[in-house]
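Here is a short briefing on one protein chain. Look at the sequence and the model first, then work through the points below.

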Amino acid sequence: MKTVVSGIRSTGNLHLGNYFGAIKNFINMQDAYNCFFFIADYHSLTTHPTPEHLNQQVKQVLAEYLACGIDPEKSTIFIQSDIPEIPELYLLMNMNAYLGELERTTSFKDKARKNPENVNAGLLTYPVLMAADIIIHKANFVPVGKDQEQNLEMARKFARRFNRMYKVDTFPTPQPFTFDGADMVKIPGLDGSGKMGKSEGNAICLYDDPKLIRKKVMKAVTDAGPTEMNQQKPEVIQNLFSLMSVVSTPDTVQHFDDLYNKCEIRYGDMKKQLAEDIVNFTSPIRDRIIDIMEDDAYLGKVAKLGAEKARESAAKTVQEVRSIIGFRKFY
Ligand code: TRP
């Protein structure tokens with residue numbers, strides 16, 4: 001069985017874009033692959049969160065993934081900082097990662113430009129830590145969005161470099177896993193253009209309460225309405241229809257599509273329906289998030305099980321790597 005490793009940023013609540021863009025696919029992958037899902041809490045230190053915030057965020061993200069249907073029995077779901085072998089492999093990999101190539105990555109340059117007062121070494125070596133996360137489980141696949149392609153390319157490079165340097169084939173070259181099946185839906189934001197994103201401020205979170213969801217949907221950008229029968233929809237309107245296509249029944253989408261084509265659509269009605277269908281979709285997930293967040297015993301059990309499974313796999317790799325490098329015990 002092929003191995004998949006996916007790192008989850010421990011910042012921000014999950015939104016509909018995350019769900020339909022990735023998580024829904026993760027749920028379906030659990031039977032066909034040996035899946036490792038982990039919360040990248042070491043990576044979040046590059047932005048200096050407070051201890052309370054860091055802890056709260058990790059808990060929330062863990063609860064959200066479980067609420068969506070990641071199954072801790074089928075997959076290995078764990079917290080990065082529970083695995084001491086990851087920083088160990090990170091240290092070893094840092095010796096073969098060069099300043100020039102790290103400085104040239106776009107995400108490093110972006111972050112350095114945006115926060116010139118906090119250009120820390122962790123930010124520079126972020127791709128090395130990410131490579132360690134991936135290769136420590138000898139991953140074959142890593143699901144990545146556009147923004148992570150370069151980081152994965154670095155991981156591939158470091159894996160191949162190690163193999164070449166020591167003339168071994170310890171690490172498979174991790175391939176990007178792209179969901180180009182029928183299920184891949186790009187979820188637009190509510191502000192008229194672009195995709196849904198936490199930082200764009202146009203997202204509906206799975207954890208949003210019904211009142212907030214209704215408010216956000218009713219504020220979505222629209223236009224003055226169609227003026228010709230069967231005219232092509234401008235992007236802002238197509239976005240509403242795209243959102244509707246993932247949460248509403250095909251009949252409902254058809255109904256508003258017909259009204260649009262006849263120039264009889266009232267966006268207010270469409271938004272009301274869309275808001276209710278989003279609420280119906282997210283409410284059970286939200287209820288589960290709340291239940292899980294209150295169940296520290298369950299969260300503890302899940303985190304412990306995940307840590308045990310992940311450490312077993314990680315320790316095996318690190319032992320192999322140490323021996324290859326020349327760290328062989330004298331006692
Ligand atoms: N850098 C990824 C992000 O920002 C998170 C991440 C950390 C990751 N380690 C990883 C993703 C390993 C995939 C594999 O989204």
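Helices (H or I, at least four residues) and strands (E, at least two) are DSSP runs, numbered from the N terminus. By that count, the chain has 14 helices and five strands. This is a predicted model, in which local features need pLDDT of at least 70 and side-chain atom pairs count only at pLDDT 80 or more, while totals for chains, interfaces and linings use all residues. Residues are numbered from 1 along each chain as its sequence is written, and side-chain values use heavy atoms, with hydrogens and water left out.

**Overall shape**

- Along the principal axes, the C-alpha atoms fill a box of roughly 80 × 45 × 40 Å.
- The chain exposes about 16,900 Å², and carbon and sulfur atoms supply 52% of that area. Accessible areas come from the Shrake-Rupley method with a 1.4 Å probe; for residues, only the protein chains shown count as cover.
- Of the 331 residues, 49% are buried. Buried means under 20% relative accessible area, exposed means over 50%, and partly exposed lies in between (1.4 Å probe, protein chains only).
- Contact means heavy atoms within 4.5 Å. Among contacts with a separation of 6 or more, 78% join residues 24 or more positions apart.

**Strands E1 and E2**

- Strand E1 covers residues 3-9. Five of its seven residues are buried, so E1 is largely enclosed by the rest of the structure.
- E1 runs parallel to strand E2 (residues 34-40), and seven bridges join them. Two strands pair if DSSP finds at least two bridges between them.
- In this pairing, Ile 8 stands opposite Ile 39 in E2.
- The chain goes from E1 through helix H1 (residues 16-29) to E2, a right-handed β-α-β crossover. Right-handed means that, with the strands pointing away from the viewer, the path from the first strand over the helix to the second runs clockwise.

**Aromatic pairs**

- The structure holds twelve aromatic pairs. Rings of Phe, Tyr and Trp (its six-membered ring) pair if their centres lie within 6.5 Å; planes under 30 degrees apart count as stacked, over 60 as edge-to-face and the rest as tilted.
- Tyr 19 and Phe 20 have ring centres 5.0 Å apart and planes at 80°, so this pair is edge-to-face. Tyr 19 and Phe 20 are both buried.
- Ring pairs link Tyr 19, Phe 20 and Phe 281 into a cluster.
- Tyr 33 and Phe 177 also form an edge-to-face pair, because their planes stand at 90°, with ring centres 5.5 Å apart. Tyr 33 lies in the loop between H1 and E2, and Phe 177 lies in strand E5 (residues 175-177), so the pair ties together parts that are 144 residues apart in sequence.
- Phe 177 has a relative accessible area of 15%, so it is buried.

- Thr 170 sits in the loop between helix H9 (149-166) and E5. Its relative accessible area is 5%, so Thr 170 is buried.
- Leaving aside neighbours within four places in sequence, Thr 170 has contacts including Lys 138, Glu 320 and Ile 324.
- Thr 317 belongs to helix H14 (residues 296-325). At 4% relative accessibility, Thr 317 is buried.
- Leaving aside neighbours within four places in sequence, Thr 317 is in contact with Ile 135, Ile 136, Lys 138 and Phe 171.
- Lys 138 lies in the loop between helix H8 (126-135) and strand E4 (141-143). At 26% relative accessible area, Lys 138 is partly exposed.

**Positive phi values**

- Most residues other than glycine have a negative phi.
- Lys 138 has a positive phi, near 50°.
- Lys 167 has a positive phi near 50°. Lys 167 is in the loop between H9 and E5. With a relative accessible area of 75%, Lys 167 is exposed.
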